[in-house]
Structures are given as structure tokens and as C-alpha cells.
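Hi,

Here is the structure I promised to pass on. Have a look at it first, and then read my notes below.

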Amino acid sequence: MKRDTRIIHSGRSDEGDGLVNPAIKRASTVLAPSTSELYEPTGSRRHYGRGGVAPNRELRDAIRGLYEADHCALAPSGLASVVLAIRTAIRGSGEALISDGVYGPVRRFCDEELPRLGVTPVYYDPRIGAGIASLITANTALIALESPSSLTFELQDVPAIASAAKEAGVPTVVDDTWTAGILMNPLEMGIDYAAQALTKYVGGHSDFLMGAVAARGDAAKRLADREKLYGLHVSPDDAFLALRGLRTLPLRLERAESASLEIARRLEAHPKISRVLHPALPSHPDHGIYTRDFSGAAGCFSFILKDISAREGEAVVDRLKLFGIGFSWGGYESLALSCDRQIRRTAVPWKAEGALLRLSIGLEDIEDLWADLEQALITL
């Protein structure tokens, strides 16, 4: 089956009750018919509710199908999913090579928690590509990627980095949230663990937090073991919402792509805008990687205001009336965010000619969104 058909028909209840959507089942204790069945459950039977019943099971199946993975772990947030992937991948002390453009809370985890595990984070230029091989040593315990970077939108050469890592026997993790698991498949490119925030595009309605990690082969076995060891669980109600959002994901992403590209093109021509950081634009420095590795674009991108301070950039965001001001993205509503306060770089200093703003384009009418942006920019 083609991708969109698989998304509709995967993760469907197989209990013979005819329900299109799986029934929500809440459980902690699961009774067994015998002691042997309690300790060694057969088939799909669970021996305790923490692993989830329906619809957790169906959601796992559906996400696993997106990546053609052998296991999908569910986590209570996108951050938790990336942390789970990193903790699963690291098997000893050493150094972890981390993209300098990685999501801020992940960076904090790497800075504060990895040293407690005997691992030193070393940040690298997101555009290093095959040059990552020069940083890999016998002491390298992990390579963590994020493509594109969530604020500055550099694309990474995922196949080149994965190849160098495989040759050296180093495990790899990628934050794959921007592609929602359908615009690119990192596992096909050689990445070991693909994490994403289901909070964003899979959910699509800004009403729950959840993450997922997909893996294949031995990495999948290790992931399943770590997930169980750490006692991770998501509620069946939230799993139901994620599964429901997944069904319309391709349509919403198509709308987000077309709308964000139209807005991005108009911003690129605006006299107050210096640069638009949208990977699908030919002007983006990594557009070649985009056309090679991605099947489409999400609706989240950034732009730089020409000769405007960070404080003035925040004032532009505050003048918006239709765009909401908030973290996250991927919901049906459009959001705007001033980014300068969040940027932390050590490998490659962030140098821009003005304030950095990020937009997440939702499902509103494009002309209404553009009018809102114009009135916010007109006083500059």
C-alpha cells in the first residue's frame, strides 16, 4: 500500500468488534488466568497496564509503520523521546557529538545529565556532513542530529553522517520532528534511532504532549528493553488523540507546506526582511539536501528582520493579532516566536544581521495570515 493508505489503515483494532477507531481502555492491573500466564503472557496479552493496551498498541503499530521500524517506544513528551533515544544509544563513557543546532531543552540535558553518565558533550557544526569523520574517535559514544535545526533551520547531511558513524561503530540519534515521520525516513538513511514529538504534527491540535522513538534490528531490541526499564507510559486517552491526528496528517502537512511556502516567498520579497530560512526555498543554503532527502516541507520556518534588534523583533511579534505567541508548532493554529533569547551556540557562533523570528503556519486563510504579518511589519 502507498504511504497515505497505510496511515489510514495501520493501527486499526483487530478485536473483531468492527470499530473504526480502537476503544480507549484504561488499566493498571491486568488479571491473568494462571500464574504462568501472568509471568509469561502469550500473544498480545499484557501482564501490567504500564505497557499500554488499546489504543497504545495501535498507535505503536501505526508509528512503526511510518518508519518501517521493528519497534516504536512511546514517551510522555517529545523531549522525553529524544532523551530516551540518547540514553538507549549510549552504552558507556566517552564523548557525544551533538549538533550545535539541537533543540534547547535537549542541549540542556546533554550539558547537565550526560557528564553524570561519564559522557562529555561535544558540539559540532550542523553543516559538517561527511566531515564528521574527523571528529569521531575511539572515545565517541554517540552522534545526535536534528535536521532541520528547530530555530535556524540548517539541514544536516544525514546519509553522510550516518555512514561515517556506521563505519566507526558509533550509534546515531536524530530528532525527526519536522518531518513528522513522513517527509523523510532517517532509518532508511542509516540512523539507529529516530525520535519525534508527536505533540506537533501527529497530534495537530495542540491538546496533548507525547513523543515516539522508532528503531530497527538490534537497536529496536535495546529500545524496547530501555523503555520498559525506565517505566515510560502514556495515557490511553492521549494515545487515542495521537492516533486520530495521524489519520489526517498527510493532508495537514500538504496544506502547511503550500501555505508556508507562499508566506515564505512573500517574506523573501519584503523590504524589511533580510533572509528567509525555509529549506524548500531555492535560496536556502541547504536546498540541495532538501531536494535530495525530503519528499516535502513542514509549515515551520524562520526569517531574519533586516537591521532590527532582538528587542524590536519581539515587538513585531507582540503586534501580531492572528498569530498566537507561544512555543511548539504543528497545530492547526498559526504561531509566532521571537528566537534570539533561545539561541545557544558553541561550535559555530550565530551571526545574523537582525532579529530572528519563527513562524508555524496553520490552517487559516493565507491572505489573513499575510495581512497580519504586513500590519506587524509596517512600523519598522
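To start with a question: how many of the five residues of strand S12 (residues 356-360) are buried? The answer is five of the five, so S12 is largely enclosed by the rest of the structure. Bear in mind as you read on that this is a predicted model.

If you look along S12, Leu-356, Arg-358 and Ser-360 point one way, while Leu-357 and Leu-359 point the other way. S12 also has strands to pair with. Strand S9 (residues 300-305) pairs with S12 in the antiparallel sense, over five bridges, and there Ile-304 sits opposite Leu-356. Strand S11 (residues 335-338) runs antiparallel to S12 as well, with four bridges joining the two; in this case Ala-336 is opposite Leu-359.

Next, the open sheet. Seven strands make it up, in the order S1-S7-S6-S5-S4-S2-S3, and the pairing is mixed. Its edge strands are S1 (71-75) and S3, each of which pairs on one side only. From one strand to the next, the twist averages 20 degrees.

Within that order, S6 (residues 193-197) and S7 (residues 211-215) run antiparallel and are joined by five bridges. Ala-194 is opposite Ala-214 in that pair. Helix H3 (residues 56-67) lies across S1, S6 and S7, at about 125 degrees to S1. Helix H7 (residues 217-229) packs on the sheet too, touching S1, S6 and S7, and its direction makes about 30 degrees with that of S1.

Now for helix H5 (residues 104-112). Which of its residues are buried? They are Val-106, Arg-107, Phe-109 and Cys-110. Seen down the axis of H5, these buried residues fall within an arc of 160 degrees, so they line one face of the helix. That goes with a general point: an α-helix has 3.6 residues a turn, so residues three or four places apart point the same way. As for what covers the buried residues of H5, the list includes helix H4 (78-89), strand S2 (94-99) and strand S3 (119-124).

Last, the cysteines. A search of the whole structure turns up zero disulfides. Cys-110 is in none, and the nearest cysteine sulfur, that of Cys-339, is 20 Å away. Cys-110 has 0% relative accessibility, so it counts as buried. Cys-72 counts as buried too, at 1% relative accessibility.

Methods
Residues are numbered from 1 along each chain as its sequence is written. This is a predicted model: local features need pLDDT of at least 70, side-chain atom pairs count only at pLDDT 80 or more; totals for chains, interfaces and linings use all residues. Side-chain values use heavy atoms; hydrogens and water are left out. Buried means under 20% relative accessible area, exposed over 50%, partly exposed in between (1.4 Å probe, protein chains only). The arc is that of the directions from the helix axis to the C-beta atoms. Contact means heavy atoms within 4.5 Å. A disulfide is a pair of cysteine sulfur atoms within 2.5 Å. Two strands pair if DSSP finds at least two bridges between them. Axes are lines fitted to C-alpha atoms, for helices over the stretch in contact, and angles run from 0 to 180 degrees between N-to-C directions.
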